[in-house]
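Student: I have a structure to go through. Can we take it step by step, starting with the core?

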Amino acid sequence: MSTPVLDPLTGRIERPLRPVPPDRLAGIAAGLRARAAGWAAAGPAGRGPVLARFAAALARDEDLLAALVADTGRVAESVLERRVVAGAIERWARRAPALLAPPAGFAAELPGVHVAGDAVPYELVGAITPWNFPLLLGLLDAAPALAAGCAVLVKPSEVTPRFIEPLTRLVPGELPLAVVEGGPATGAALVGLVDAVVFTGSVPTGRLVAEAAARAFVPAHLELGGKDPAIVLAGADLDRASSAILWGGTANAGQSCQSIERVYVAREVHDAFLALLVAKAERTRLTCEGGPIGPIVAPDQPRVIAAHLTDALERGAVAHTGGTIERHGGGHWCRPTVLSGVDHSMLVMTEETFGPVLPVMAVDGPDEAVARAADSAYGLSAAVFAATEEEAMAVAVRLPVGAVSVNDAALTALVHEGEKHSFRLSGLGGSRMGPASIARFLRRRAFLVNRSPAADPWWHPTEE
């Protein structure tokens, strides 16, 4: 039985998935490899204009935007997604020459030895990408890999395949990039065809990708789940904190790895913060009502969200807004849901919900806030709100996560300069942000040139 492609707004089957056959996938990989040497040889100066042209085409193509809207059932996020991706590709085209400049100098201990080097790109990089931001996460790793000189093969999620065709039409002929349709079997086959793999998605699937990469003896870079906490300290601007946290937890209907999924508030301001958050959440509408909260995209996700809500309510939590999965036009929706009376016995505080749900828990000061925030299998990112930057930073540096937004939330979705690593089960591998991102796709080579005419003192003596 073939996997159906569903319309997220109606729940209706639009068409069957059309996976690329295994032999065709192998042929695509071989074709990309054949082009990789020429692309690498073009150098940053030669690759830059091609990438810039690709970025410009993405930024203005309406067919691509329409496909993203059809894939996800949302408009505002798709417009932003297209703009961010085009900007990221243009940025890599512009910055790659400086970042790829070879180092040179003399050895500290051996001043006669000149040390130079270069960077050799992996021939073919594979990317297995998720459904929540199909274009952004489809190209987030592909862009620096292409800028580094790699060929790239992308397999997006089977949930959101509509954007593949219009995207493929925009790829310049010189660019060794292929985007293929397929399900889990296609992703599994891809790992055995590439020299390095990047994966964004769930922890269980990430483990499978890592195991397959280990068998193939290729590096794997994984960004997996998150259960991001927000901490609101007693002196924080509660109006600012409640607005930022509402957006950070419900943008894209909470279907983002860096979504705020649990909120710890100093007890003395808990009630005031909760009242503000509830009032703002109540005014935030679904897109089918003219608001910003889109549908739940993945077919299995409504069940997960509903299970977390049921578990929390049965254990004594109170839903002040939302609290249920709704059906409108055949699609699944969840209104911004604010919960109080929560604790860490509940799934909604410990497992990834991936929906617009904000459980709020009172804590007695910064120490308890840090302890609660750290009580998680995940360590992707977090947010801290305080009266001063110094007070917030004193808490931020104690959190075992890769990035902390201070007096804002989910800034990692918008700020690309900050290098970060995933902690705990949130992932493995190099930073996908900042200048280090491009280094993931390069192997460094050193050339050690002895320019001294004298014999090295450690050579075996040859004179009697």
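**Cores, sheets and overall form**

Student: Which residues have the most contacts inside the largest nonpolar core?
Tutor: This is a predicted model. Its largest nonpolar core has 49 residues. Those with the most contacts inside it are Phe54, Leu58, Ile89, Leu139, Leu167, Leu175 and Leu177.

Student: Which helix gives the most to this core?
Tutor: The helix in question spans residues 76–99. Seven of its residues belong to the core. The name is H4.

Student: What is leucine 139 in contact with, beyond its neighbours within four places in sequence?
Tutor: Leucine 139 is among the core residues with the most contacts. Setting aside those sequence neighbours, its partners are Phe54, Leu58, Val85, Ile89, Pro144, Leu167 and Leu177.

Student: How many residues are in the second, separate core?
Tutor: This core includes Met346, Val363, Val370 and Ala392. Ala392 is also one of the buried residues of helix H15. The second core has 32 residues.

Student: Why do the buried residues of H15 line one face of the helix?
Tutor: The buried residues of H15, residues 389–396, are Ala392, Val395 and Ala396. Look down the helix axis: these residues line one face because they fall within an arc of 100°.

Student: What covers the buried residues of H15?
Tutor: The cover includes both helix and strand elements. Among them are E10 (228–232), H14 (365–374), E18 (381–385) and E19 (403–406).

Student: In which order do the strands of the seven-strand sheet come?
Tutor: This sheet is open, with mixed pairing. Its edge strands, E12 (318–319) and E19, each pair on one side only. The order is E12-E15-E16-E11-E10-E18-E19.

Student: Which residue in E16 stands opposite alanine 266?
Tutor: E11 (residues 260–266) and E16 (residues 357–363) run parallel, joined by four bridges. The residue opposite alanine 266 is valine 363.

Student: Which are the edge strands of the six-strand sheet?
Tutor: That open sheet has the order E7-E6-E5-E8-E9-E21. Its pairing is mixed. Each edge strand pairs on one side only, and the two are E7 (177–179) and E21.

Student: Do E8 and E9 pair in the parallel or the antiparallel sense?
Tutor: E8 covers residues 196–200, and E9 covers residues 220–223. Phenylalanine 199 stands opposite leucine 222 in E9. Over four bridges, the sense is parallel.

Student: Is the β-α-β unit of E8 and E9 right-handed or left-handed?
Tutor: Helix H9 (residues 203–216) is the helix of this unit, together with strands E8 and E9. The unit is right-handed.

Student: What is the bridge partner of leucine 222 in E21?
Tutor: Two bridges join E9 to E21 (residues 427–428). These strands run antiparallel. The partner of leucine 222 is leucine 428.

Student: What radius of gyration does the protein chain have?
Tutor: The chain has 464 residues, so a compact globule would come near 23 Å. The chain agrees with that, at 24 Å.

Student: What share of the contacts with a separation of 6 or more comes from residues 24 or more positions apart?
Tutor: The chain has 16 helices and 22 strands. Buried residues make up 54% of its 464 residues. For the contacts you ask about, the share is 73%.

Notes:
Residues numbered from 1 in each chain as written. Predicted model: local features only at pLDDT ≥ 70, side-chain atom pairs only at ≥ 80, totals over all residues. Heavy atoms only, no water. Core = buried A, V, L, I, M, F, W, Y, C linked by side-chain atoms within 4.5 Å. Buried < 20%, exposed > 50% of the residue type's maximum accessible area, 1.4 Å probe, protein only. Contact = heavy atoms within 4.5 Å. Arc of directions from axis to C-beta. Pairing = 2+ DSSP bridges. Right-handed = clockwise from strand over helix to strand, strands pointing away. Rg over C-alpha atoms; globule rule 2.2 N^0.38 Å.
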